[in-house]
Amino acid sequence: FNNLLGPAAFYEMYRGEFSILRVNEQYFQLTQIDDLENRDYKHTMENIHPEDCPRVYDTFLEAQKNQVTGSKCQLRYFKPDGSMIWIELHSFFLREQDEHLYYYGSLRDITQYMVK
């Protein structure tokens, strides 16, 4: 998983709630989570700007409908130091099992294109 190009994560949705199951090293670099002893990335969804949360949710649902192409959105993400970056999330639906929905997401820092 760490050999994938660019930041990536596996997500789970259950009863309308998202959690992050696994991320790669590039994800940690993007989000600047640097506590190697206690990487608490499962709560990084809380770092998404509140106004962007519905868009992220809709992107995952859209990815489920468009399983070949997935779905994209842009979101604001707050790093641990309080700074904000813009991220493009491209999500793909993987499978459903026992009411749990699983997704893959690739992320890209697009701050330079969004902030002028």
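Me: How many disulfides does the count come to?
Reply: A disulfide here is a pair of cysteine sulfur atoms within 2.5 Å. This is a predicted model, where local features need pLDDT of at least 70, side-chain atom pairs count only at pLDDT 80 or more, and totals for chains, interfaces and linings use all residues. Residues are numbered from 1 along each chain as its sequence is written, and side-chain values use heavy atoms, with hydrogens and water left out. By the sulfur rule, the number of disulfides is zero.

Me: Is Cys73 buried or exposed?
Reply: Buried means under 20% relative accessible area, exposed over 50%, and partly exposed in between (1.4 Å probe, protein chains only). Cys53, at 32%, is therefore partly exposed. Cys73 has a relative accessible area of 3%, so this residue is buried.

Me: Which residues does Leu61 contact, leaving aside neighbours within four places in sequence?
Reply: Leu61 is in helix H2 and, at 28% relative accessibility, counts as partly exposed. Contact means heavy atoms within 4.5 Å. With those neighbours left aside, Leu61 touches Met13 and Tyr103.

Me: How far apart in space are Leu61 and Ser71, C-alpha to C-alpha?
Reply: Ser71 belongs to strand E3, and its relative accessible area of 10% makes this residue buried. Beyond residues up to four places away, Ser71 touches Thr59, Glu62, Ala63, Leu89, His90 and Ser91. Leu61 and Ser71 are 10 residues apart in sequence, and their C-alpha distance is 8.5 Å.

Me: What volume does the largest cavity have?
Reply: On a 1 Å grid over the protein atoms alone, a cavity is a set of points where a 1.4 Å probe fits but cannot get out. Points are joined across faces, edges and corners, and the volume is the space filled by probe spheres set on them. One cavity of 30 Å³ or more is counted. The largest has a volume of about 110 Å³.

Note on methods:
Helix = DSSP H or I, 4+ residues; strand = E, 2+ residues; numbered from the N terminus. 1 Å grid on protein atoms, 1.4 Å probe; cavity = no way out; pocket = protein on both sides within 12 Å on 5 of 7 lines; lining within 4 Å.
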